[in-house]
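The tour moves from helix packing to charged pairs and then to individual loop and helix positions.

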Amino acid sequence: GGGVVAYSEAQVDASKTSVQVNEKDCKKKRVVVLGTGWAGISFLKDLDVSAYDVQVVSPRNYFAFTPLLPSVTCGTVEARSIVEPVRNIIKKRNGEIQFWEAECMKIDAANKKLLCRYTVENNLVGNDEFSLEYDYLVIAVGAQVNTFNTPGVLENCHFLKEVEDAQKIRRSVIDCFEKAVLPGLSEEERRINLHFVIVGGGPTGVEFAAELHDFVQEDLVNLYPSVKDLVKITVIQSGDHILNMFDERISSFAEQKFGRDGIEVQTGSRVISVSDKEITMKLKAKGEICSVPHGLVVWSTGVETRPFVKDFMGQIGQANRRVLATDEWLRVKGCEDVYALGDCATINQRKVMEDIAAIFKAADKDNSGFLTVEEFKDVIDDILERYPQVEHYLKSKHLRDVTDLMKDSEGNDIDKVDIEGFKLAFCQADSQVKNLPATAQVAAQQGAYLSKCFNRKYKRKDNPEGPWRFRGSGRHQFHPFQYVLLVVSYARGEQAAAELPGDWVSVGRSTQWLWYSQTSELAYSGVGGIRLDSKIHFRKRFKPHLRQQQRTL
């Protein structure tokens, strides 16, 4: 009897505790995160979930380690090794994050509501649609493939955005070889079936072309020896060079390596249509139109905004933009309490010339109408942090310090400068404003940055840490987001090219260790909970490299 009474009282206390916890949770600000990619998961990983009511909405109930997608296409890495269920990730946060497998269909910015829908087709009962209210909204849905309305692309091309895409490409490559070795085919028909075309010379297209080359030369030629000399890989790029968003030394290295490997790089070519048998393109130099037969086409030319994000942009006055614009703190312009990260957004960097008069006035403390070198130095750090293009401009001109800008028209050093001279010093700095690349590194860094801002939101409200407000008073609440560059462009199985901070470029065999280390660092950091040491299954030729890499780490 005593035991029953004790159990009964314990149950009553537990119910009271539950009610108190729920009431406490109701007082928390609700943060809704759209997306479970690099940006969304990085944000959730570091967020202090005890301070917020966190809810996640995504049609994909897993996190995918996208830098290894090209490796999945050729079996270097198994698909199961680069995915982690979202519920496993949020389980580590003691159940304080709620996840809904659904797709956001519409954002009601005026009422701070989301319309969501369960999109998996099945015969399960119940309503598929539901709505969510939010106090803060984090949009991290990535982007969709941009076909540029090219006829036949959707029907006849493969893409490489999701794990399912990589698996489909892998099956199709094998199908091409199986068809090519059937009896009764002419040599020309075999060549056509084994012609693999990659449209787009960006990081994804280049990495896939390199992986496919390795797959063919190290595995498939042994399985299909009769057609080993008939395989052809072509990369079609509309620009003058592949990897043209990186340092020209990386682009040159990749093109030379592809040339030695027999991968044809066709630059200055714009695809105008794709059929199931051939791809038609226009050669910019000659203005000619030519058609090339193919066995498989992989389309990797860029991304575009998702439809519901475009609708949201129309609501907040960004209808004329191609991508959602944020400020340097990742806040969506024109909409309070909404943030956007990763491929779905771009940072609209403020121009230094827009604030040049305000900067001069703030620095001119004695109101003399001139700035001395000492007055200039007092605002240098704030200028460099608020307007990062100034630092890029200094590097492009090989200047060591901002004070080197204080020169007269003949290039001589001066002790002070007036407003016109100050404008002249910075007039070309805004030419160095650049959009960040749509990569996993950028998205992951943005997610980690925003989580830190949320964790210190109330602490920094009365104790701001950011740069000086040249238009206004006081400082910004937080430091603006700054991307730390570490770009690695994979070029072949045991070689790579890397662009590093400080205008350094590394190419060759040794850079492959850097690529492995970077991949391992992202995995070990806890994003997605992926562990390279126990889960990723590399093909035999990669195992010694991985073991050496783990010993180094």
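## Helix pairs

The crossing of H6 and H8 is right-handed, where right-handed means that the near helix is turned clockwise from the far one by less than a right angle, and left-handed that it is turned anticlockwise. This is a predicted model, in which local features need pLDDT of at least 70 and side-chain atom pairs count only at pLDDT 80 or more, whereas totals for chains, interfaces and linings use all residues. Residues are numbered from 1 along each chain as its sequence is written, and side-chain values use heavy atoms, with hydrogens and water left out.

Select helix H6 (residues 163-180) together with helix H8 (residues 203-223), whose axes come within 13 Å and cross at roughly 45°. That angle makes H6 oblique to H8, given that angles under 35 degrees count as roughly parallel, over 145 as roughly antiparallel, 65 to 115 as roughly perpendicular and the rest as oblique. The axes are lines fitted to C-alpha atoms, for helices over the stretch in contact, and the angles run from 0 to 180 degrees between N-to-C directions. Helices (H or I, at least four residues) and strands (E, at least two) are DSSP runs numbered from the N terminus.

Now show the side chains at this crossing: Ile169, Val173, Ile174 and Phe177 in H6 meet Phe208, Leu212, Phe215, Val216 and Leu220 in H8, a contact being heavy atoms within 4.5 Å. The residues of this contact divide into nine nonpolar, no polar and no charged, with Ala, Val, Leu, Ile, Met, Phe, Trp, Tyr, Cys and Pro counted as nonpolar, Asp, Glu, Lys and Arg as charged, and the others, Gly among them, as polar.

Next, select helix H2 (residues 38-46) and helix H15 (residues 440-455), whose axes come within 7 Å and cross at roughly 35°. The crossing of H2 and H15 is right-handed. On the H2 side the contact involves Trp38, Ala39, Ser42, Phe43 and Asp46, and among the residues they meet in H15 are Ala440, Ala444, Gly447 and Phe454. By class, the contact of H2 with H15 has nine nonpolar, four polar and one charged residues.

## Charged pairs

How many salt bridges does the structure hold? There are 22 salt bridges, each defined as a side-chain nitrogen of Lys or Arg within 4 Å of a carboxyl oxygen of Asp or Glu.

Start with Asp53 and Arg30, whose side chains meet in a salt bridge at 3.1 Å, N to O. Asp53 lies in strand S2 (residues 52-58) and Arg30 in strand S1 (residues 29-34), so the pair ties together parts that are 23 residues apart in sequence. Asp53 counts as buried at 18% relative accessibility, while Arg30, at 24%, counts as partly exposed; buried means under 20% relative accessible area, exposed over 50%, and partly exposed in between (1.4 Å probe, protein chains only).

Move on to Glu264 and Lys232, which form a salt bridge of 3.0 Å, N to O. This pair links distant parts of the chain, with Glu264 in strand S13 (residues 264-267) and Lys232 in strand S12 (residues 232-237), 32 residues apart. Glu264 is partly exposed at 31% relative accessibility, and Lys232 is partly exposed with a relative accessible area of 37%.

Then select Glu354 and Arg350, which meet in a salt bridge of 3.3 Å, N to O.

## Single positions

Which residues does Ser251 touch, not counting residues up to four places away in sequence? Ser251, found in helix H9 (residues 248-261), touches His241, Ile242 and Leu243, and at 4% relative accessibility Ser251 counts as buried.

Leu243 itself sits in the loop between S12 and H9, is buried with a relative accessible area of 0%, and has a phi near 50°, a positive value in a residue other than glycine. Lys112, in the loop between strand S6 (103-108) and strand S7 (113-117), has a positive phi near 55°, and counts as partly exposed at 27% relative accessibility.

Finish at Phe65, in the loop between strand S3 (62-64) and helix H3 (69-72), which counts as buried at 1% relative accessibility.
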